[in-house]
Amino acid sequence: MEHASINLSHLAKSYRKHEAVKDLNLEVNKGELFGFLGPNGAGKTTTIKMLTGLLEPTSGSAQINGIDIWKSPLKAKEKIAYVPDQPNLYPKLTGWDYLEFVASVFRIPNSQFQSKANELLKVFSLTDQANDLIESYSHGMKQKIAICGALMSHPDVLFMDEPTVGLDPKSARTLKNLLRELCDGGMTVFLSTHILEIAEQMCDRVGIIFEGDIIALGTMNELKREDHAGESLEDIFLELTGGEDQQAIISEISDDGDAK
Ligand SMILES: Nc1ncnc2c1ncn2[C@@H]1O[C@H](COP(=O)(O)OP(=O)(O)OP(=O)(O)O)[C@@H](O)[C@H]1O
C-alpha cells in the first residue's frame, strides 16, 4: 500500500494548559510542495518540530512514509531533513567541513559527497566561501549552507521553517526553482512561511493554521473557489485569521497621513 509522505493523525501539543496545536489531521503526498501558513504563534514551528521528532506530541501521531516518527525515530529520520528558521551550525567549521560532517552522518561515500557538495555550493553561489569558517558567514549565507546540508542526503521529505527569510532575491529565486525541481523529481517539501506571495507562487497546496487548528486547506484554486473568487492569498489569509481588522487600521492610519 502506498503511504502518504507525511501523515498527521490527531496530532496535538499542549504546553502546560495551553493547547498550541489541536488535533491536526493532514496528508501530504509524495512530490508535493506544501505551504504551511499562519500568523505568529499559530503553531507552525510546534507542528514542524513534532513532525521532525524534536518535540513529543501530547497526543496523536505523525508518520513519514508510513513510519511513526516517535516509535521508529531513526528509521523515520533517515528519510527527512530539516532546515529550521535559525539554523544551529558549527561556527568553527568551514562550509565544506560542515557538508562533509553531514555526509558522514548519512554515510554518503566520499566520491558522491565531493560531487554533490560542489554542485550544491555552486547552485547557491557559495563555492568561493566554502573554505571560510561558518562564523564569518552572513545570516543569508548560513541559511544557504544549512539548505545545502539538508539536501546532501537527498531526503524523501524536506521540512523548512521560513526558508526564504534572510535570502537575497537571487538566492530566494534559486531556492524556489530548486524546490520545484526537487518536488518534480519526487521529493516532498513541507515549508512554513509568512511570505504569502511565496506560498501562492510556489506551493501545490497550502494549509492555514490558526490558534492550533487547520482552518483552510487546498490548492490556491480550491481556496479561491470557496467564496473567495478574485482574492489574493493575502486577502484570504487576513479574512480567515482576523488580520483584516489590523489591515483596516493600517489603511486608516495611512489615509489620515495622506490627508495631511
Ligand atoms: N516551549 C514553549 N513553552 C510554552 N509555550 C510555547 C513554547 N513554544 C511555543 N509555545 C507557544 O505555542 C504557541 C505556538 O507557537 P509556535 O512557535 O509553534 O508558533 P508559530 O506559528 O511557529 O509562530 P511564529 O510565526 O511566530 O514563529 C504560541 O502560543 C507559543 O507561545
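The predictor assigns the complex an ipTM of 0.98 and a pTM of 0.89. For the protein, the mean pLDDT is 89, and 91% of the residues reach 70 or more. Where pLDDT is low, predicted coordinates should not be read in detail.

The shell around the ligand is formed by Y15, H18, A20, G38, N40, G41, A42, G43, K44, T45 and T46. Two elements, β2 (18–28) and α1 (44–51), each give two or more residues to this shell. The largest contribution is that of α1, with three residues. Classified by residue type, the shell contains seven polar, three nonpolar and one charged residues.

Helix α6 comprises 16 residues, 169–184, and should span 22 Å at 1.5 Å a residue; the C-alpha atoms at its ends are 23 Å apart, which agrees with that expectation. Within α6, the buried residues are S171, L175, L179 and C183. These cover an arc of only 100 degrees around the axis, and so they lie on the same side of α6. An α-helix has 3.6 residues a turn, so residues three or four places apart point the same way. The other side of α6 carries the exposed residues P169, K170, R173, N177, E181 and D184. Packing of the buried residues of α6 involves β3 (33–37), α5 (139–152), β8 (188–192) and α7 (196–202). After α6 comes G186, which has a positive phi, near 110 degrees.

Strand β3 contains L33. This residue is buried because 23 other C-beta atoms lie within 10 Å. When neighbours within four places in sequence are left aside, the contacts of L33 are L179, R180, C183, V189, M202, C203 and D204; of these, L179 and C183 are among the buried residues of α6. L33 and M187 are 154 residues apart in sequence, yet their C-alpha atoms are 8.5 Å apart in space.

Conventions: Residues numbered from 1 in each chain as written. Predicted model: local features only at pLDDT ≥ 70, side-chain atom pairs only at ≥ 80, totals over all residues. Near = placed C-beta within 6 Å. Helix = DSSP H or I, 4+ residues; strand = E, 2+ residues; numbered from the N terminus. Nonpolar A, V, L, I, M, F, W, Y, C, P; charged D, E, K, R; others polar. pLDDT = per-residue confidence, 0-100. Expected span 1.5 Å × (residues − 1). Buried ≥ 20, exposed ≤ 12 C-beta atoms within 10 Å, placed from the backbone. Arc of directions from axis to C-beta. Contact = placed C-beta atoms within 7 Å.
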